[in-house]
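Subject: The model we talked about

Hi there,

Here is the structure I promised to send over. Please open it next to this email, and my notes will follow below.

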Amino acid sequence: MPVMSIVGCEMFEDEIIYLIQNDPTLDEVIVVENENSVGLAQKLNDIGYSHTVLPLAKITLKSERKDVERFSLIVYLLEIELDSQGERLKDEVYKTVDQMVRYSDSILVFYGLCGNVLVDIEKDFESCPCPISILKDEEDRIVDDCICAALGGREVYMQPLKDTKGEGIYFLTPMQAARWRDMVVITRLTPDPNDIEMVKIVFNYAGYKHVAKVDTGLAYEKDFEKKVDEFAKLFNLNVIDLKGNLEIFENSYENAKVDMFKNIKQK
């Protein structure tokens, strides 16, 4: 049974669901049970997509799987809070990838560079018995972060910063719009997201003048436009409309599948 695993940040749950929903070759989806996978599992339920939620200890090891024809995907999500904790993020991602090797024929790391801490992950796992890959653009460059991936690459990411002559832009994807209060704490803009006046002061000091609405075209999170407009009004920011691009996710996923089948044939 071919098995691919995704190890990623819960902020990418919408993009992962999109890939699952649009892959007709998938026979089975297993979500590793933890507090970070609740949203993913609920959204899969909402769209009526059959899946199984299991603790890692109850998932069958690759060596013990018997149905060689079925293609399975295992999704292991890590907490958003790791995004601002460079070395801890690296440690957790590496530890989780190492765990998932026993279950997988290929592993796709659903992260970007994240402050450069994951720049060497493919090289560091070169001797791994299954191929490890990470989100990359069409020029084979690891994406900078989740916004870079959602926009389709570094050049597109930098363009609005050039257009606004360096004025501060706070980027919101549908997931980030839904969880912006968590994000302002995680990124250490403020310890209390409910103290709106303090957040305004911090935004002012940080030079934020705009909020970028990154429309990925995914509607798993409801009321995206309304949430961005409320955010802009709350903090007196100008809304910039940006069109997202799912190609980095699609291509990285397909490349990881190719790696998976190559790995199986070599055994």
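A word on terms before the notes: a residue is called buried when its relative accessible area is under 20%, exposed when that area is over 50%, and partly exposed in between, using a 1.4 Å probe and protein chains only. By that scale arginine 188 is exposed, with a relative accessible area of 64%.

Please keep in mind that this is a predicted model, in which local features need pLDDT of at least 70 and side-chain atom pairs count only at pLDDT 80 or more, while totals for chains, interfaces and linings use all residues. Residues are numbered from 1 along each chain as its sequence is written, and side-chain values use heavy atoms, with hydrogens and water left out.

**Two loop residues**

Arginine 188 sits in the loop that joins helix H8 (180-186) to helix H9 (196-206); helices are DSSP runs of H or I with at least four residues, strands are runs of E with at least two, and both are numbered from the N terminus. Most residues other than glycine have a negative phi. Arginine 188, however, has a positive phi near 65 degrees. Asparagine 116 also has a positive phi, about 75 degrees, although it is not a glycine. Asparagine 116 belongs to the loop between strand E5 (106-110) and helix H4 (121-124), and is partly exposed, at 46% relative accessible area.

**Serine 37**

Is serine 37 buried or exposed? Serine 37 is buried, because its relative accessible area is 3%. You will find serine 37 in the loop between strand E2 (28-32) and helix H2 (38-46). Leaving aside neighbours within four places in sequence, serine 37 is in contact (heavy atoms within 4.5 Å) with Val31, Val32 and Leu77. Its side chain also reaches the backbone oxygen of asparagine 34 at 2.9 Å.

**The whole chain**

The protein chain holds 11 helices and nine strands. Its radius of gyration, taken over C-alpha atoms, is 19 Å, close to the 18 Å from the globule rule (2.2 Å times the number of residues to the power 0.38) for 267 residues, so the chain is as compact as a globular protein of that length. Along its principal axes, the C-alpha trace spans about 60 × 35 × 30 Å. Buried residues make up 53% of the 267 residues. Of the contacts with a separation of 6 or more, 75% are between residues 24 or more positions apart.

Best wishes

Methods
Polar contact = N/O pair within 3.5 Å; in protein donor to acceptor, adjacent residues only side chain to side chain.
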